[in-house]
Amino acid sequence: MSKVILVLCDALRDDAAKQYMGYLEHLVETRQATRYTCVGELPSMSRPMYETVHTGVVSSEHGVTHNNVVRRSVVPNIFELARAAGQVTAAAAYSWFSELYNHAPYDIVMDREVDDPALAIQHGRFYQEYPYPDIEVFAAAGSLVAKFQPDYLLIHPMSCDTFGEEYGGLSAEYRRNVVVQDQALAALIPAVKLLGYHVLVTGDHGMDDQPGAHHGGTLPSHRLVPFYHVPPQGNGRGNTGERVTHLQIAPTVCHLLGIEAAATMRAPRIGL
Ligand SMILES: [Zn+2]
């Protein structure tokens, strides 16, 4: 079994990652990482895809079909499977993750910082208001690693979504934030590799070119996100040019964690 950090960069387009994430692409170029393009599930919206990524099932099956479905997940998911296997779970993430896996509706005081082995996300550091600086999300995640060495850690920065929706996916504001996230990853990855973590980096959906158009549809800009795997041993395969899907992420994480995937996670795992 291995430890896994999933970095779910909200609204990270595949093309923007390829062009602006120089550190991750360095790892790919030198075959210390493996790169895929991930064809996102639909609708290309946040809360439905948070749930799809963590359950491996489509939105019409898990029932979180739009952003305003405020309830806990009702299908097997990575957090609950890991906890049931006696592993330690953690997240530095937007409050909707607290609602999906810990407690709904979100209580901005009581749910913000939790350390409770009975919860699906045992160690949670959540934020509700945004823009919330991505660097603070990564710092909270680093603190969780230092304090608890979780087996599964979700890191969920959201400023690409904020800037993209306001200025568009081709804007300097959006792209500058892609660089900010890459630099945060450049600080995080060398440290956590030494601790034996596999790092996965992907997005929940993309971003329209135009300001105000957001995302939600089937355009490649809405749907295509990157999927990077950085193994702790440094033995990546470079840019595979292959396509994977959101449905494959949950069974892949379960495999890396050394736990059995749920029967509902029917997609084949990614051949890392
Ligand atoms: Zn999103």
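Where does Pro 131 lie? Pro 131 sits in the loop between β5 (123–127) and α7 (134–148). Before going on, a word on what you are looking at. This is a predicted model, in which local features need pLDDT of at least 70, side-chain atom pairs count only at pLDDT 80 or more, and totals for chains, interfaces and linings use all residues. Residues are numbered from 1 along each chain as its sequence is written. As for the element names, helices (H or I, at least four residues) and strands (E, at least two) are DSSP runs, numbered from the N terminus.

Back to that loop. Tyr 130 and Pro 131 are joined by a cis peptide bond, with omega about 10°. Another cis peptide bond links Leu 42 to Pro 43, with omega about -5°, and Pro 43 belongs to the loop between β2 (34–39) and α3 (46–55). Most residues other than glycine have a negative phi, and most peptide bonds are trans.

Ala 11, in the loop between β1 (3–9) and α1 (14–20), has a positive phi near 65° though it is a residue other than glycine. Arg 31, in the loop between α2 (22–29) and β2, is not a glycine either, and its phi is positive at about 60°. How covered are these residues? A residue is buried if 20 or more other C-beta atoms lie within 10 Å of its own, exposed if 12 or fewer, and partly exposed in between, with C-beta atoms placed from the backbone. Ala 11 counts as buried because 30 other C-beta atoms lie within 10 Å. Arg 31 counts as partly exposed because it has 13 C-beta neighbours inside 10 Å.

Now for the sheet. It is open and has nine strands, in the order β4-β5-β3-β6-β1-β7-β8-β2-β9, with mixed pairing. Two strands pair if DSSP finds at least two bridges between them. At the edges are β4 (113–115) and β9 (238–245), each pairing on one side only. From one strand to the next, the twist averages 15°.

β4 and β5 run antiparallel and are joined by three bridges, with Asp 115 standing opposite His 123 in β5. β5 also has five bridges to β3 (residues 89–94), this time parallel, and the bridge partner of Ala 92 is Arg 125 in β5. Five of the five residues of β5 are buried. Both faces are covered: on one side are His 123, Arg 125 and Tyr 127, and on the other Gly 124 and Phe 126. Elsewhere in the sheet, β1 and β6 (residues 152–155) run parallel, joined by four bridges, and Val 7 stands opposite Ile 155 in β6.

Helix α9 (residues 172–194) packs on this sheet, touching β1, β7 (197–203) and β8 (224–230), and its direction makes about 160° with that of β7. Contact means that the C-beta atoms of two residues, placed from the backbone, lie within 7 Å. Axes are lines fitted to C-alpha atoms, for helices over the stretch in contact, and angles run from 0 to 180 degrees between N-to-C directions.

α9 also has a helix partner. The axes of α7 and α9 come within 10 Å and cross at roughly 10°. That makes the two helices roughly parallel, a label for angles under 35 degrees. The contact involves Asp 134, Ile 135, Phe 138, Gly 142 and Val 145 of α7, and Val 180, Gln 181, Ala 184, Leu 188 and Val 192 of α9.

Then look at α3, where ten of the ten residues are buried. Among them are Arg 47, Glu 51 and His 54. The buried residues of α3 pack against β1, α4 (59–62), α5 (78–84), α6 (95–101) and α11 (249–257). Just after α3, Gly 56 has a positive phi of about 75°.

Finally, the core. A nonpolar core is a set of buried Ala, Val, Leu, Ile, Met, Phe, Trp, Tyr and Cys residues joined through C-beta atoms within 7 Å. The largest one has 77 residues, and those with the most contacts inside it are Val 4, Val 7, Leu 24, Phe 97, Leu 153, Ile 155 and Val 253. Setting aside residues up to four places away in sequence, Leu 24 touches Ala 17, Ala 33, Asp 182, Leu 185, Val 201 and Tyr 228.

Methods:
Angles under 35 degrees count as roughly parallel, over 145 as roughly antiparallel, 65 to 115 as roughly perpendicular and the rest as oblique.
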